[in-house]
Amino acid sequence: YRCPQTLSFFLTQGLPVIIISHFYPITYAGYYTLSVTVLSAPAKLISKAVGDVLLPKLSVMASEGLDIYLYLIKVSVCLFLVGVFPLIFFFLFSGEIFELIFGLEWREAGEITKWLSFLFFVGFINVPAVQAIIIFRMQKGFFFFSIIVTGIKITGLFLGAKLGVSIIEFIQIHSFLGAISGLLVILYVLFRSKSKTRSCLR
């Protein structure tokens with residue numbers, strides 16, 4: 001089930017560029033790509049480090065019947081507190097930063113980064129939930145969830161572009177749909193981990 005999920009991930013990541021290139025001036029595709037690069041580099045680095053630590057920890061806790069539910073909440077809250085400050089920073093100052101570093105013509109890339117930061121923020125705090133999916137062997141359910149979410153994202157983005165929304169509104173739709181799906185993953189995993197913990201403690 002992980003291979004189709006990976007394909008779904010790359011599809012939803014690459015789809016905005018394809019739609020932007022088709023419905024908007026090609027320069028916006030460059031702005032979007034730069035914004036994603038700026039946000040993803042530190043996010044991937046930290047997320048991988050956190051995930052590499054969490055997976056064996058969660059595996060040990062599951063084998064010993066410990067309370068994974070509370071642990072997931074604690075780690076998620078910690079990641080929230082770590083990530084909220086960069087989120088605020090990018091939201092408030094990304095336009096000025098891009099203009100200062102890349103020039104006035106790249107300021108709009110900063111505006112795109114401003115809204116994409118919400119998507120990457122949720123992706124950052126749902127690292128514990130994604131790791132727990134492996135521990136609880138929820139890949140099958142997550143696979144079908146990914147298929148549904150991917151369909152919704154494709155439909156939402158295509159309809160938005162077809163209706164002629166501005167590039168910023170298009171990015172807002174993309175970020176909103178991605179953030180909501182990430183939050184749903186967190187809530188679902190917490191619900192499952194709570195029920196698993198209760199069954200282990202009986």
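This is a predicted model: local features need pLDDT of at least 70, side-chain atom pairs count only at pLDDT 80 or more; totals for chains, interfaces and linings use all residues.
Local features here need pLDDT of at least 70, side-chain atom pairs count only at pLDDT 80 or more, and totals for chains, interfaces and linings use all residues. Residues are numbered from 1 along each chain as its sequence is written, and side-chain values use heavy atoms, with hydrogens and water left out.

**Stop one: an aromatic pair.** Select Phe91 and Phe118. Their ring centres are 5.4 Å apart and their planes stand at 80°, so this pair is edge-to-face (centres within 6.5 Å make a pair, and planes over 60 degrees apart are edge-to-face). Phe91 sits in helix α3 (residues 68-102) and Phe118 in helix α4 (residues 107-125), so the pair ties together parts 27 residues apart in sequence; helices are DSSP runs of H or I with at least four residues, numbered from the N terminus. Phe91, at 28% relative accessible area, is partly exposed, and Phe118 is too, at 31% (that class lies between buried, under 20%, and exposed, over 50%, with a 1.4 Å probe and protein chains only).

**Stop three: a cluster.** Now pick Tyr28, Tyr31, Phe98, Phe102 and Trp106, which form one aromatic cluster.

**Stop four: two helices.** Show α2 (residues 26-63) with α3: they pack at about 170°, axes 11 Å apart (lines fitted to C-alpha atoms over the stretch in contact, angles from 0 to 180 degrees between N-to-C directions). That makes α2 roughly antiparallel to α3 (over 145 degrees). Residues in the contact (heavy atoms within 4.5 Å) include Leu34 and Val38 of α2 and Tyr71 and Phe98 of α3.

Methods. Rings of Phe, Tyr and Trp (its six-membered ring) pair if their centres lie within 6.5 Å; planes under 30 degrees apart count as stacked, over 60 as edge-to-face and the rest as tilted. Angles under 35 degrees count as roughly parallel, over 145 as roughly antiparallel, 65 to 115 as roughly perpendicular and the rest as oblique.
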